[in-house]
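Keep the 3D view open while you read.

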Amino acid sequence: MDRHEEWIVRVALDQPTPTLFEYRYATAHKPQAGQLAHVPFGRRMETGLIWGIVSQSALPLARLREVEAIWHVCPPLSAKWRALLQFAADYYQRGLGEIALPALPGALRDTRRWPRLSAHLHNAQQAQPASAAVSGSEIHIAAPALTSGQAQALQQLNTARGFAPFLLHGVTGSGKTEVYLRLLTALFARTPDAQALVLVPEINLTPQIEAILRARIQSASDAAIITLHSGLSEGARARRWLAAHCGHARIVIGTRLAVLASLPRLALIIVDEEHDAAYKQQEGLRYSARDLAVWRARQLDIPVVLGSATPALETWRHAEQGRYARLSLPRRAHFEAALPAVHLIHTGDARQRSAQNALPDISAPLLEALRARLERKEQSLIFLNRRGYAPVLACDACGWLAGCARCSVYAVLHKAERALRCHHCGLQTSVPRACPVCGNIDLAPLGRGTQRIEESLLPAFPGARIARLDADSARRKGCAQMLFDRMHAGDVDILIGTQMIAKGHDFQRVTLVGILNSDAALFSHDFRAGERLFAQLMQAGGRAGRAGCGEVLIQTRYPHHPLYQALRRHDYAGFAAAALAERRQARLPPFIYQALLRAEAHTLEAALDFLSRAAAALDRQPEAVAVTRYDPVPMNIVKIRRLHRAQFLLESASRAALQRTLSAWRPDLRALKVRGIVRWMIEVDPLDI
Ligand code: ADP
Ligand code: ZN
Ligand code: ZN
């Protein structure tokens with residue numbers, strides 16, 4: 001084997017261009033597609049992925065640069081994985097390398113780490129027992145007897161073979177986790193060396209499900225069940241990713257990025273809380289992890305289970321059309337638990353206002369309910385989707401409102417830190433002593449945030465253990481987990497928080513959920529606001545009475561609004577039917593498909609100029625006849641971090657026509673040069689318009 005051959009490899013690099021880059025590689029060791037390669041690019045060195053090996057280049061051989069190194073120890077990424085990344089790049093209109101490289105843990109792209117990771121791979125290989133690493137047949141702790149709903153769902157799930165998409169529609173507390181667990185157990189009993197992917201929307205939810213799976217599924221090594229998310233250190237993330245890639249990790253629990261993990265023996269995908277907007281990546285590659293999960297299941301010809309109490313309307317429509325099999329868990333699993341009673345408290349009604357002036361935000365019935373819980377030593381949650389103390393600081397004399405210097409939004413008052421903070425760019429300034437316009441020193445906070453509610457509750461319930469959980473309090477590492485642990489241990493009486501407390505948690509002692517200030521979303525310009533609010537409130541309310549009877553109190557000025565009425569009846573199906581009828585009538589998704597072109601520039605004029613040229617180029621595309629194009633407009637929040645933002649919307653009744661148009665149009669966009677433009681991006685299936 002000392003015959004030196006020369007190979008030409010085509011490498012994907014993290015570059016916005018769609019092209020692959022060709023390099024020479026002179027060695028007896030044949031390179032393989034899917035291997036990582038270190039190559040010169042411009043004046044730098046970069047790590048790329050070998051996408052193919054060709055016998056001839058369009059360029060003269062002498063002009064090709066040489067591959068510096070290939071990481072031969074790491075098993076190549078499979079053709080299936082590469083096809084997934086190719087699909088994601090095409091569908092979301094990005095360069096291949098721009099998607100494929102960031103899908104890998106950063107440490108894998110750092111050649112200095114290759115020797116240590118190689119040693120790790122070698123050791124892991126040695127440690128791997130020949131027999132199955134997990135077995136579902138042995139269960140440490142007693143499993144509950146299944147409810148009839150769970151049993152029926154499992155019967156259908158366990159007979160599924162090949163590509164089979166399921167919607168597991170189970171009310172909050174119906175025991176969807178138990179269904180996942182039994183499904184996994186059955187899978188490993190059947191196929192001991194299979195792999196399963198379990199997606200959850202938030203890092204905060206990984207410890208809960210990991211603990212349940214570890215307690216119930218026997219595994220030979222810790223590496224058999226792993227979590228994969230952005231909160232890990234570079235080294236840990238790389239090692240776990242490699243464990244999945246080599247097949248040692250059998251169950252991968254992860255947030256959205258895990259959908260792009262390499263899983264050579266993937267046999268089952270579960271997407272829990274599939275409706276959650278967190279599955280949509282909001283920067284860089286704007287993909288939907290749920291949608292890619294379904295694509296991946298089809299590609300691999302395996303089952304995929306989407307679980308939710310409040311499915312996305314897109315998913316619900318698939319189920320209605322019979323494209324996804326619907327499994328229903330209409331009742332709570334715990335033998336004593338029923339769905340909570342939902343009461344609407346009309347805050348416009350003077351009698352409902354709190355007698356105590358110190359608590360203008362908490363109505364008398366909610367106050368009473370909180371007091372009763374404290375007496376019975378039960379827990380309460382207060383849900384309010386606004387962090388900080390007050391959403392804005394105002395001058396009564398001249399009407400000045402504190403804004404962010406870099407964004408076109410108000411700065412949020414954070415009283416404890418004596419700061420004004422922008423929730424869009426993070427800019428923080430100290431609270432001014434006087435109005436910068438008129439000098440008035442009487443500046444007053446307007447509106448309520450979680451901090452202000454916390455502050456007002458403390459004197460009302462002296463001695464009560466009151467805690468707050470939102471993005472501010474969770475910023476310190478481990479803080480959210482500590483609070484969840486305290487909740488489970490019964491060391492908190494009242495927990496105030498944003499949507500972070502509403503999702504997925506199985507708090508056994510909570511019997512009351514109070515919901516404040518949710519009305520604004522009823523009248524939002526965003527056509528998805530109602531769907532989001534319904535899901536959020538049903539999920540928040542779903543934390544009440546999971547092991548007994550619970551109560552949800554919603555404070556509102558519009559108690560007769562159909563959304564609240566559907567919530568009161570726990571009627572997701574009724575809400576979904578009405579919402580889908582409206583969407584159909586208004587020709588909105590899921591009845592049509594959308595994409596956005598968005599531009600960010602130093603001036604609004606430049607952004608709009610770019611967009612109007614892009615629009616003209618689009619109108620010249622022959623494919624564009626099946627696509628409706630709207631006019632460029634400034635975005636709702638027109639400025640963030642001093643960048644001006646504008647966009648226009650494209651729609652089509654045909655997803656394929658929209659895709660073809662976008663692909664044909666993209667080269668025109670790359671060729672457009674407009675002064676002042678900082679970046680532009682196409683977003684496919686946008687959630688926020
Ligand atoms: P979901 O995810 O559907 O909201 P969970 O999976 O968190 O619900 O389950 C809710 C509670 O019901 C958990 O405490 C769980 O242990 C319990 N549970 C699940 N299945 C059963 C069952 N068959 N019998 C009794 N309790 C169950
Ligand atoms: Zn003023
Ligand atoms: Zn800002």
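A residue counts as buried when its relative accessible area is under 20%. Keep that cut-off in mind, and remember that this is a predicted model.

Let's begin with strand β24, residues 494–497, which is covered on both faces. I494 and I496 sit on one side, L495 and G497 on the other, and all of them are buried.

Which strands pair with β24? One is β17, and another is β23. Here's how the two pairings look:

| Strand | Residues | Pairing with β24 | Bridges |
|---|---|---|---|
| β17 | 379–383 | parallel | four |
| β23 | 466–469 | parallel | four |

L381 has L495 of β24 as its bridge partner, while L469 stands opposite G497 in β24. To get from β23 to β24, the chain runs through helix α12 (residues 479–489), making a β-α-β crossover that is right-handed.

Now for the empty space. Rolling a probe the size of a water molecule over the atoms shows where such space is left. The second largest pocket holds about 890 Å³. It is lined by 35 residues, and those closest to its centre are G175, T177, E178, D506 and R546. Helices α5 (176–190) and α6 (206–216) are the elements that each give two or more residues to this lining.

What is the lining made of, by class? There are 14 nonpolar, 13 polar and eight charged residues.

And why does this pocket lie between two domains? Domain 2 (134–329) and domain 3 (341–390 + 447–582) both give residues to its lining, so the pocket lies between them.

Methods. Residues numbered from 1 in each chain as written. Chains lettered and ligands numbered in written order. Predicted model: local features only at pLDDT ≥ 70, side-chain atom pairs only at ≥ 80, totals over all residues. Heavy atoms only, no water. 1 Å grid on protein atoms, 1.4 Å probe; cavity = no way out; pocket = protein on both sides within 12 Å on 5 of 7 lines; lining within 4 Å. Points joined across faces, edges and corners; volume = space filled by probe spheres on them. Nonpolar A, V, L, I, M, F, W, Y, C, P; charged D, E, K, R; others polar. Domains from an automatic or database assignment. Buried < 20%, exposed > 50% of the residue type's maximum accessible area, 1.4 Å probe, protein only. Pairing = 2+ DSSP bridges. Right-handed = clockwise from strand over helix to strand, strands pointing away.
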